[in-house]
Amino acid sequence: MEPLLAEATERTRHALGVARKAPDLDRLARDVARRAGVTEAELRSGRRRRAVSHARKRCCQMAMAEAGVPGAAVARFLGVTTSAVNRSVVGAVGQA
């Protein structure tokens with residue numbers, strides 16, 4: 001009985017995403033900003049300069065599509081709307 005319970009608990013944790021460690025948005029933003037040649041402050045400012053917009057888009061894609069962070073959390077972190085974050089990810093998926 002106990003092995004069955006342990007397996008059910010593990011399946012539930014996996015299904016709910018509990019087993020997955022939450023990504024560090026600060027570290028993700030720092031890496032994306034560094035690679036794009038922009039500052040973290042610019043990335044989180046809502047500025048619309050091309051390099052900043054592309055870096056923010058990549059940050060959204062990595063956070064949501066690859067790490068599973070909810071769009072609302074990414075939007076709050078980056079200082080943009082949830083709609084902008086979702087468009088970034090949907091647009092990337094549609095192009096793939």
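**View 1. Arg-44 and Asp-26 pair up in a salt bridge, with 3.8 Å from N to O.** A salt bridge here is a side-chain nitrogen of Lys or Arg within 4 Å of a carboxyl oxygen of Asp or Glu. On the scale used, buried is under 20% relative accessible area, exposed is over 50%, and partly exposed is in between (1.4 Å probe, protein chains only).

Some notes on the model: it is predicted, so local features need pLDDT of at least 70 and side-chain atom pairs count only at pLDDT 80 or more, whereas totals for chains, interfaces and linings use all residues. Residues are numbered from 1 along each chain as its sequence is written, and side-chain values use heavy atoms, with hydrogens and water left out.

**View 2. Asp-24 meets Arg-27 in a salt bridge.** The closest N and O atoms sit 3.7 Å apart. Asp-24 is partly exposed at 35% relative accessible area, and Arg-27 is partly exposed too, at 44%.

**View 3. Glu-42 and Arg-47 form a salt bridge at 3.1 Å, N to O.** Glu-42 is buried, at 15% relative accessible area, whereas Arg-47 is partly exposed at 40%. Shared partners join Glu-42, Arg-47 and Arg-49 into one salt-bridge network. Across the whole structure, the search turns up six salt bridges.
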